[in-house]
Amino acid sequence: MSTIAIESSLQEDRLFSPPPNLSKTARIGSLEEYQRLHDRAVTDPEEFWGELAENELHWFQKWEKVLDWQPPYARWFVGGKLNVAYNCLDRHLTPERRDKPALIWEGEPGDTRILTYQQLHREVCEIANALKKLGVQKGDRVGIYLPMIPEAAIAMLACVRIGAIHSVVFGGFSAEALKDRLNDARAKIVITADGGWRKGAIVHLKHQVDVALADGGVPSVETVLVVKRTGQPIHFDPDRDRWWDDLQEEFADTDCPAEPMDAEDPIFILYTSGTTGKPKGVVHATGGYNLYTHITTKWAFDLQDTDIFWCTADVGWITGHSYIVYGPLSNGATTVMYEGAPSTANPGCLWDVVEKHRVTIFYTAPTAIRLFMKLGEEFPNARDLSSLRLLGSVGEPINPTAWMWYYRVIGGERCPIVDTWWQTETGGAMLTPLPGATPTKPGSATLPFPGIVADVVDLDGNPVGENEGGYLVVKQPWPSMIRTVYNNPDRYLSTYWDKIPPKDGQWFYFSGDGARRDKDGYFWVMGRVDDVINVAGHRLGTMEVESALVSHPAVTEAAVVGKPSDIKGEEIVAFVTLEADYTPSEDLEKDLKQHVVREIGALARPAAIQFTEALPKTRSGKIVRRILRALAAGEAVTGDTSTLEDRSVLDKLRG
Ligand code: PRX
């Protein structure tokens, strides 16, 4: 049993009730109210989601049907027309709200920008017009490869305003990874910056774009739009590159009407790792995504008009899409964006931001919490964190020790913690406490959001017993569910719907996570059950790292597994066999690690590479990862090893 599993079972009976004063004013103020909502939503999803869509969003044209479910394909708000940028901006331009800060941005070097709804709206319109001038039309794909600067949100909203489909690529991905994603999406334009600040150094983003596009690397890209952030000299191709500032000036103060989009038009593509070497382009749809991120922000974070909401994720991940940009802005909230990252050199930087901007809701990842624990509580203790009223966690299971530390040191034992389980594919939070209603248990994502029918089942789709491990599935469609895998509809079926075949008309969305439910029906997510690992909250396919390794001339074969890590949750260990004319050495190990960084990005750098003469395989040639995982973790190899083709491999691996 993993440490998390042992810790969780010890904590299971520890209940933290919602603070009564919070329940009084909360959007959802009791468990009974939650249950009523949930029951209604499950019994009559069309009425429930239809009513919310009507009350919470602006529509240019009302839908004809709330849900058209032809398993496993859902269409939501069929025939309805809306624009997400309109919902995030225009409808907040009322006398009461237009001067409210929409975006508070804190740069790593300490520079700050605050954009009101009015100002954000204007900048989005200017860039939307600029994109049109560059030939971007409705349905075109736009690559966004930016640091955490306001222009990232502006670029996303500008695309959405004109109906272009953005594909944001995390700035930590390498040129190679960027190239693959841009090619898959056939992006027409890439929006980048000269550089970005990260832990005191400049990240050379424009250079990475140049490398990706060199020698016709991405033939579809016609223009590169460059934001000036760091000001360092860059290569500038006058035929292809344009400065963001120049275009913004050209379209200064111009209006750009929001394009009425069909509710099922794609809003964006976001690539995420799966079990093959190639990342999948998860496609989300306009109406359902808008509604679900809106309502989860409002209810799961109990968002009030006065809140200062800070999600620390990068906009390159789904968390940044849903809970920095679309969810908070659709609600007319103030959202915080921070360019920096905590490091040993600057251990109190996040708490400085909380204190400076009086943040009320703080949403981060367990890996960050574990890092803060290690850095020491003197840093948060030295800041005034009294503005905080609610904390959130996302990205991986949170171990109860980290939960308790977060609760005590950051939340001052007064802030509820919402541990939200969800995925790139789900668009928004699926299992989560509602802070005014749901008693929490450290380490559990508690109960489904109203209307989400989640379960833990075996491979035949039968629910498993109390506290038995099984597969976490979703049994009814929800508005922000993945619509397809871009360019690869078969993969949509094989990844999410074929793993547990439908039974008696019941379909099972397969999340790839293992979980159990306790006696109160609370969900305890245990982690991935497929070949996906979660390194410091970053989702990576083991096959992706393996493909990167075998593309090095020295490598014959590679097998990658996750090894438990105190801070990162998991780290990468690679077992590698070499071509005949190569011998293991420290230099080669370094070179291979560097090669993975070049192919994917620093987030995929293996923590360790173990050279071996052979890998443990079954007679049919399948690598037995279970054995490698045990070896990497320094545990005894248990279970059946009789299926191994060559058992002597085990001794060799043990060295
Ligand atoms: O394994 C689960 C883990 O993160 C995976 C999804 O990763 P990604 O698509 O990158 O999205 C991350 C942010 C939503 C899931 O399959 N995960 C996410 N949140 C939790 C979690 N595991 C346990 N508890 C969570 N709260």
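The crossing of α14 over α16 is left-handed, where left-handed is the term if the near helix is turned anticlockwise from the far one by less than a right angle, and right-handed if clockwise. This is a predicted model, in which local features need pLDDT of at least 70 and side-chain atom pairs count only at pLDDT 80 or more, while totals for chains, interfaces and linings use all residues. Residues are numbered from 1 along each chain as its sequence is written, and side-chain values use heavy atoms, with hydrogens and water left out.

Back to the helix pair. Helix α14 covers residues 366–375 and helix α16 covers residues 400–410; their axes come within 10 Å and cross at roughly 70°. Axes here are lines fitted to C-alpha atoms, for helices over the stretch in contact, with angles from 0 to 180 degrees between N-to-C directions. Helices (H or I, at least four residues) and strands (E, at least two) are DSSP runs, numbered from the N terminus. α14 and α16 are therefore roughly perpendicular to each other; the classes are under 35 degrees for roughly parallel, over 145 for roughly antiparallel, 65 to 115 for roughly perpendicular, and oblique for the rest. On the α14 side, Ile369, Arg370, Phe372 and Met373 meet Thr401, Ala402, Trp405 and Tyr406 of α16, contact meaning heavy atoms within 4.5 Å. By class, that contact has six nonpolar, one polar and one charged residues. Ala, Val, Leu, Ile, Met, Phe, Trp, Tyr, Cys and Pro count as nonpolar, Asp, Glu, Lys and Arg as charged, and the others, Gly among them, as polar.

Next pair: α4 (residues 45–56) and α11 (residues 286–300). Their axes come within 11 Å and cross at roughly 85°, which makes α4 roughly perpendicular to α11. From α4, the contact takes in Phe48, Trp49, Leu52, Ala53 and Glu56; from α11, Leu291, Tyr292, His294, Ile295, Lys298 and Trp299. The classes in this contact are eight nonpolar, one polar and two charged residues.

The crossing of α18 and α19 is right-handed. Val545, Ala548 and Leu549 of α18 make the contact with Leu592, His595, Val596 and Glu599 of α19.

Now the ligand. Which of the 17 residues around the ligand come nearest? They are Asp419, Thr420, Thr424, Asp513 and Arg539, where near means that a heavy atom of the residue lies within 4 Å. An oxygen atom of the ligand is 2.5 Å from an N or O atom in the side chain of Asp513, and a polar side-chain atom of Arg539 is 2.7 Å from an oxygen atom of the ligand. For Pro397, a polar backbone atom is 3.4 Å from a nitrogen atom of the ligand.

On to Glu264, in the loop between β13 (261–262) and β14 (266–272). Leaving out residues up to four places away in sequence, Glu264 touches Ala74, Arg75, Trp76, Ala285 and Arg483. The side chains of Glu264 and Arg483 are joined by a polar contact of 2.9 Å; a polar contact is a pair of N or O atoms within 3.5 Å, and within protein one must be able to donate a hydrogen and the other to accept it, with residues adjacent in sequence counting only if both atoms are side-chain atoms.

Last, two backbone details. The Pro71 to Pro72 peptide bond is cis, omega being near 0°, and Pro72 is in the loop between β1 (65–70) and β2 (73–78). Thr446 has a positive phi, near 60°, and lies in the loop between β20 (417–420) and β21 (454–457).
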